[in-house]
Amino acid sequence: VRTQALDELDTMSDLTDLDAWRIQYLGRRGALTQVMRGIGQLPPQQRPEVGQVSNDVKTTLETAFDHRVDVLKQQRLATTLAQERLDVTLPGFPVSLGRLHPTTQILREITSIFAEMGFQVYDSREVESDLYNFELLNIPPYHPARDMWDTFYINERVVLRTHTSPGQIRAMQAFHPDPIRVILPGMCYRYEQVTSRHEMMFTQVEGLAVGENITMADLKGVLENFARRLFGDNRRMRFRCSHFPFTEPSVEVDMDCFLCNGEGTGCSMCKESGWLEILGAGMVHPQVLRNGGYDPTVYSGFAFGMGPERITILKYGIDDIRLFFSNDLRFLEQFS
Ligand code: FA5
């Protein structure tokens, strides 16, 4: 049995055949097991010797079997390694890193500039009541001023905020009677004709300061300081008279157009004016102060609302606001 089994084992090159071999010789009905079972029928004096020999053969076969399994496994591994050769020194696939959206980056920059001037961030809601978005800001129903904001209505009394200004009232109600210095960044929505300068969905950063003896000079100083910090010393800014129902007096602020360097000639971005509007502002209207809980004979305040996408456009020379939401990686990857 031993010689035959070992000879056969040497010729085997397959792990499945090897298993059949094991059953044939070492299995419960295998050749060797039969011999060992027959020991009991032998004359007593032969039993120790046959038992001894059978045990030796069993050990030999088991060892040979384990050895053969090892050899075959090694061979199989060597074949696989040779066939599926892998060059571990080749460079891997580059892992592309995500980055912050340009609007997020500019919002962080704006926030930190105002933080240094003592403004804290106050979060206000995106879905607003008509009362806060319009009425408490001196814009009653059917007032022609409503035409300034084409509105997405959720229902008759609820809107997607068209500007961050309703946050002024909410901040005043939250802070009253303390002085206020906050900015309110967030999304706004308008049912607008989309153009290179107008989106239906855009961000604004509202600013509000309320206290005693706050004047238009404070507003001008804060905005000029802001523009210098964000755009550098060489850009020009101008204050222009304007009208908003919730500020009196009101202004709009323009920066010189990046495309034509403020020249205007033939420029589509600034419609040949040389200027691009970035924000509206003014002194908080006495009635709005009252709506927020502040007595306008004691308190005064200024407010502004700026468009971070417009500011990014001006800072980096972007020629179309639609790029901000187009998810075009060629655009987004430029802002590392
Ligand atoms: C307002 O929304 C006023 N609430 C601003 C304000 C606040 C005035 C506080 C006084 C006191 P206006 O509609 O002009 O004003 O928008 C302000 C800024 O938001 C604009 O200068 C522009 O930068 C940005 N903006 C407005 N509409 C869009 C739009 N459709 N797409 C992108 N940016 C816009």
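The following questions and answers concern a predicted model, and they turn to an annotated residue, the ligand and the cysteines.

Reader: Is E248 buried, partly exposed or exposed?
Author: The unreviewed UniProt entry lists E248 under "binding site", and in the model this residue has its place in strand β7, which runs over residues 247–256. Its relative accessible area is 49%, and since buried means under 20% and exposed means over 50%, E248 is partly exposed.

Reader: Leaving aside its neighbours within four places in sequence, with which residues is E248 in contact?
Author: Contact here means that heavy atoms lie within 4.5 Å. Once the neighbours within four places in sequence are left aside, the residues in contact with E248 are M283 and H285.

Reader: How much of the ligand's accessible area does the protein cover?
Author: The ligand is surrounded by 27 residues, and the closest are S165, R190, E192, E199 and E277. A polar side-chain atom of S165 lies 2.8 Å from a nitrogen atom of the ligand, while for E199 a polar backbone atom is 2.8 Å from a ligand nitrogen atom. Of the 680 Å² of accessible area that the ligand has on its own, the protein covers 96%.

Reader: How many disulfides does a search of the whole structure find?
Author: A disulfide requires two cysteine sulfur atoms within 2.5 Å. For C260, which is buried with a relative accessible area of 12%, the nearest cysteine sulfur is that of C270, 3.6 Å away, and C260 is in no disulfide. When the whole structure is searched, the number of disulfides found is 0.

Key: Residues numbered from 1 in each chain as written. Predicted model: local features only at pLDDT ≥ 70, side-chain atom pairs only at ≥ 80, totals over all residues. Heavy atoms only, no water. UniProt positions renumbered as here; feature names shortened; annotations may be inferred. Helix = DSSP H or I, 4+ residues; strand = E, 2+ residues; numbered from the N terminus. Buried < 20%, exposed > 50% of the residue type's maximum accessible area, 1.4 Å probe, protein only. Near = heavy atom within 4 Å. Polar contact = N/O pair within 3.5 Å; in protein donor to acceptor, adjacent residues only side chain to side chain. Areas by Shrake-Rupley, 256 points an atom, 1.4 Å probe, with all protein chains shown as cover.
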